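Hi,

Here is the structure I promised to pass on to you. Have a look at it first, and then read on for what turned up in it.

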Amino acid sequence: MKLAALLLPVVLLMMTGTVQAKTIHISPDIRLGELDGYGLQLGVKDTMWLDAVFISVGKLEGETAGFYANSYRKEKVYTYRIGGQYAFDRADVHKVQIELGMSKYSGRYYNYNNLSKEHYKSDGISYSTSYIYQATDTFGLRAGVEINHFGPFSTPRILDSTLNAILGFTITI
């Protein structure tokens with residue numbers, strides 16, 4: 001799966017025609033919430049009637065103590081999404097990004113009262129939307145929300161979901 005995520009930008013560049021005429025879109029970010037992490041978008045600008053088309057990969061992880069310190073959770077979530085960016089004004093200053101893809105959950109739940117240990121693995125869907133303020137032609141600020149949802153009763157989380165805020169920037173080369 002990691003190989004496919006790394007090869008997707010190359011395939012996107014080959015699909016867009018001449019690589020020399022296109023601009024590369026790069027956007028690193030940090031993700032804040034109950035699980036913290038980081039991510040990266042790589043793609044091509046001015047493609048398929050959009051301001052940018054890109055892939056996004058990310059990693060979330062965290063450790064949580066339960067009520068009365070009798071339980072403990074250690075979790076990781078990997079996200080793989082495809083997205084697009086659209087400018088919704090004539091000056092190309094305000095933009096919106098929408099991404100959709102898959103997520104993979106891996107977690108361990110420890111209960112100290114009865115000394116039980118449970119392992120969870122699940123696949124799910126991942127959705128993200130962000131607002132971009134394009135400060136210059138090459139630099140923009142990004143803020144958004146990410147939601148990862150897994151199957152029912154497949155994780156020890158409430159509603160089997162994660163919700164994170166995204167803060168980052170965009171660079172066009």
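Before we start, one term: two residues are in contact when they have heavy atoms within 4.5 Å of each other. Also keep in mind that this is a predicted model.

With that term in hand, take Ser 103, which sits in strand S5 (residues 94-111). Is Ser 103 buried or exposed? Ser 103 has a relative accessible area of 0%, so it is buried. A polar atom of the Ser 103 side chain lies 3.5 Å from the backbone oxygen of Ile 125.

Now zoom out. The chain has one helix and eight strands, and along the sequence they follow the pattern α-β-β-β-β-β-β-β-β. Of the 173 residues, 40% are buried. If you take the contacts with a separation of 6 or more, 56% of them are between residues 24 or more positions apart. The accessible surface of the chain is about 10000 Å², and 67% of that belongs to carbon and sulfur atoms.

Next, the nonpolar side chains. In soluble globular proteins, such side chains tend to be buried together. Which residues make up the largest nonpolar core here? There are six: Leu 35, Leu 60, Val 77, Tyr 105, Tyr 120 and Phe 150. Leu 60 has contacts beyond its neighbours within four places in sequence, among them Leu 35, Val 77, Glu 146 and Asn 148.

There is also a nonpolar patch on the surface, with about 910 Å² of accessible area together. Its members include Leu 50, Tyr 86, Phe 88, Phe 139 and Ile 173. Strands S6 (116-134), S7 (139-150) and S8 (161-172) each give at least two residues to this patch. Leu 50 lies in strand S3 (residues 50-65) and is partly exposed, with a relative accessible area of 30%.

How many salt bridges does a search of the whole structure find? The search finds 13. Here are a few to look up:

- Arg 142 pairs with Asp 29, with the closest N and O atoms 2.4 Å apart. Arg 142 is in strand S7 and Asp 29 in strand S1 (residues 24-33), so this pair ties together parts 113 residues apart in sequence. Both residues, Arg 142 and Asp 29, are buried.
- Glu 63 pairs with Lys 74, and here the closest N and O atoms are 3.9 Å apart. Glu 63 is in strand S3 and Lys 74 in strand S4 (residues 71-87), 11 residues apart. Lys 74 counts as partly exposed, at 41% relative accessibility.
- Arg 81 pairs with Glu 146, with the closest N and O atoms 2.8 Å apart. Since Arg 81 lies in strand S4 and Glu 146 in strand S7, the pair ties together parts 65 residues apart in sequence. Arg 81 and Glu 146 are both buried.

Through shared partners, salt bridges join Asp 29, Arg 31, Arg 81, Glu 99, Arg 142 and Glu 146 into one network.

Last, a bit of backbone. Most residues other than glycine have a negative phi. Met 48, in the loop between strands S2 (36-47) and S3, has a positive phi near 55 degrees. Asp 160, in the loop between S7 and S8, has a positive phi of about 50 degrees. Asp 160 counts as buried, at 8% relative accessibility.

Happy browsing!

Notes. Residues are numbered from 1 along each chain as its sequence is written. This is a predicted model: local features need pLDDT of at least 70, side-chain atom pairs count only at pLDDT 80 or more; totals for chains, interfaces and linings use all residues. Side-chain values use heavy atoms; hydrogens and water are left out. Patches are made of residues with over 30% relative accessible area and no salt bridge: like charges are joined within 9 Å, nonpolar side chains (Val, Leu, Ile, Met, Phe, Trp, Tyr) within 5 Å. Accessible areas come from the Shrake-Rupley method with a 1.4 Å probe; for residues, only the protein chains shown count as cover. A salt bridge is a side-chain nitrogen of Lys or Arg within 4 Å of a carboxyl oxygen of Asp or Glu. Helices (H or I, at least four residues) and strands (E, at least two) are DSSP runs, numbered from the N terminus. Buried means under 20% relative accessible area, exposed over 50%, partly exposed in between (1.4 Å probe, protein chains only). A nonpolar core is a set of buried Ala, Val, Leu, Ile, Met, Phe, Trp, Tyr and Cys residues joined through side-chain atoms within 4.5 Å. A polar contact is a pair of N or O atoms within 3.5 Å; within protein, one must be able to donate a hydrogen and the other to accept it, and residues adjacent in sequence count only if both atoms are side-chain atoms.
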